[in-house]
Amino acid sequence: MNISVSSNNIRKLVEDICCRSPRYAGTKGEAETRDYIVSEAKRQGLKVELEEFDYLHYQPKSSTLEIVSPIREKLDNIPLNYAGNGTAEGEAVYVGFGTSEEFRILSKQGISFKEKIVLASAIFPFLTYPLAQEYGASGVVVLTDAPGNLCRAGSATSNRKPGQVPGVLVPLNIGQKLLTLLSTNQLKLRITLEGEFSKKSSFNIVMTIPGTTVPDEQVVLAAHYDSHNLGKHAWDNATGCATVLELARIFNTLRPKRTIKAIIFGVEEIGLCWGSFSYVDKHAEELFNIKAVHTFDGLGSPFDFKFELMATKNIRTFALNIVKELGYDVKCDAEPPPLSDHLPFQLRGIPVVWFWGGNLSVFYHTAKDDPETLDYEKLKSVADIAGEIAYK
């Protein structure tokens, strides 16, 4: 049979989750969203458990960005979560997209980053910030590219450890101003950042559908329910939560051979992936029973013009054949990137699949990531195909 989700159900779930947003870790919105997901799962007759875990919470307090020379001006910015506290002042140096290759090339050209303020057009700051820190930069300014001069939120690190140097993010118009000044003058900047780190606890939501033939073997459906602190964050990741809940409802009626664990993790956005790493550590002895993990994160962008299948080599052919059987011609030559809750499973050698629309939402991590910006028919298409892969 072919899996067919209800786009109306998914839309309602997305809207209900978003009305409790933002779902930033440690906030009322996060707790209310968790309670809502649990109540929806129980209403569907699913077995639900909450698994508590500790994490390093981050509360941003204030940030400033100032041009020191050739002019003096304060600029709009937002804090880079998990960056280090303090003040940094120095000459600016631009590193493009901030990849390791760009740092290496610039370094070979004799450009020093020591005590400099690194400017980077980075979509994922946690890939660039550690490099800037490693090369001796005293601060980091991330130039974001969202429309309407919206600013994208982000996390400085992905190893669940705080950064050591201050960092901020700026919208497109500020980034363009900085690059223009840098191209004609020596640009000197000052950054200040204050945030508070503290130990807190959150919860993973684990829904279990027992297998009928080989119940000891598991397939994991993975999503995360937390968000950054700018708005409703519908695409990332109310869509993933809604899709996992809808697929769990369907799978619960189909008596699957293997046990299905539909897990909606906490605290994915800051750190990164606290909930899923904690789950993998807690369940280390049963990981060999997990036959595959399917990630549901960032679905239904209206700017999706193609489908994209990413899979680890140990399941790639299997997943690709299912998509082809459904009549879709897609490429599958890439590993799932380290951007979501499949990462700790992937690091343990467990097969991972991530099927999505193939493009980031232009409103990714911004205050305009609203339910109204989604294409629910595209979301249904992605959910149906991903559901077919997961179920088979």
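Is Ser301 buried or exposed? Here are my notes on that and a few other spots.

1. First, some ground rules. This is a predicted model, where local features need pLDDT of at least 70 and side-chain atom pairs count only at pLDDT 80 or more, while totals for chains, interfaces and linings use all residues. Residues are numbered from 1 along each chain as its sequence is written, and side-chain values use heavy atoms, with hydrogens and water left out.

2. Back to Ser301. With a relative accessible area of 0%, Ser301 is buried (buried means under 20% relative accessible area, exposed over 50%, and partly exposed in between, using a 1.4 Å probe and protein chains only). You'll find Ser301 in the loop between strand S11 (290-295) and strand S12 (308-311). Leaving aside residues up to four places away in sequence, Ser301 touches Trp235, Asn359, Leu360, Ser361 and Lys378; contact means heavy atoms within 4.5 Å.

3. Now look at helix H2, residues 28-43. H2 has 16 residues and runs 22 Å from its first C-alpha to its last, close to the 22 Å expected at 1.5 Å a residue (the expected span is 1.5 Å times one less than the number of residues). Its buried residues include Gly29, Tyr36, Ile37 and Val38, and also Glu30, Arg34 and Glu40. What do the buried residues of H2 pack against? Their partners are helix H1 (7-18), strand S1 (47-69), strand S8 (188-209), helix H6 (234-251) and strand S10 (258-265). Just after H2, Gly45 takes a positive phi of about 80°.

4. On to charged pairs. The count comes to 20 salt bridges, a salt bridge being a side-chain nitrogen of Lys or Arg within 4 Å of a carboxyl oxygen of Asp or Glu. One of them joins the side chains of Lys188 and Glu89 (3.5 Å, N to O). Lys188 sits in strand S8 and Glu89 in strand S4 (residues 86-94), so this pair ties together parts that are 99 residues apart in sequence. Lys188 is partly exposed at 33% relative accessible area, and Glu89 is partly exposed at 35%.

5. Arg316 lies in helix H8 (residues 316-325) and Glu335 in the loop between H8 and helix H9 (343-347), so the pair links parts 19 residues apart in sequence. Arg316 counts as buried at 15% relative accessibility, whereas Glu335 is partly exposed at 36%.

6. Lys392 and Glu325 also meet in a salt bridge (3.6 Å, N to O). Lys392 is in the segment after helix H10 (376-391) and Glu325 is in helix H8, so this pair ties together parts that are 67 residues apart in sequence. Lys392 is partly exposed at 45%, and Glu325 counts as exposed at 57%. Elsewhere, salt bridges that share partners join Glu66, Glu89, Lys188 and Arg190 into one network.

7. The structure holds one cavity of 30 Å³ or more, and about 40 Å³ of space lies in the largest cavity. A cavity is a set of points on a 1 Å grid over the protein atoms alone where a 1.4 Å probe fits but cannot get out. Among the residues lining the largest cavity are Ile123, Val142, Arg152, Leu169 and Tyr364; lining residues have an atom within 4 Å of a point.

Methods. On a 1 Å grid over the protein atoms alone, a cavity is a set of points where a 1.4 Å probe fits but cannot get out, and a pocket is an open set with protein on both sides within 12 Å along at least five of seven lines; lining residues have an atom within 4 Å of a point. Grid points are joined across faces, edges and corners, and a volume is the space filled by probe spheres set on the points. Helices (H or I, at least four residues) and strands (E, at least two) are DSSP runs, numbered from the N terminus.
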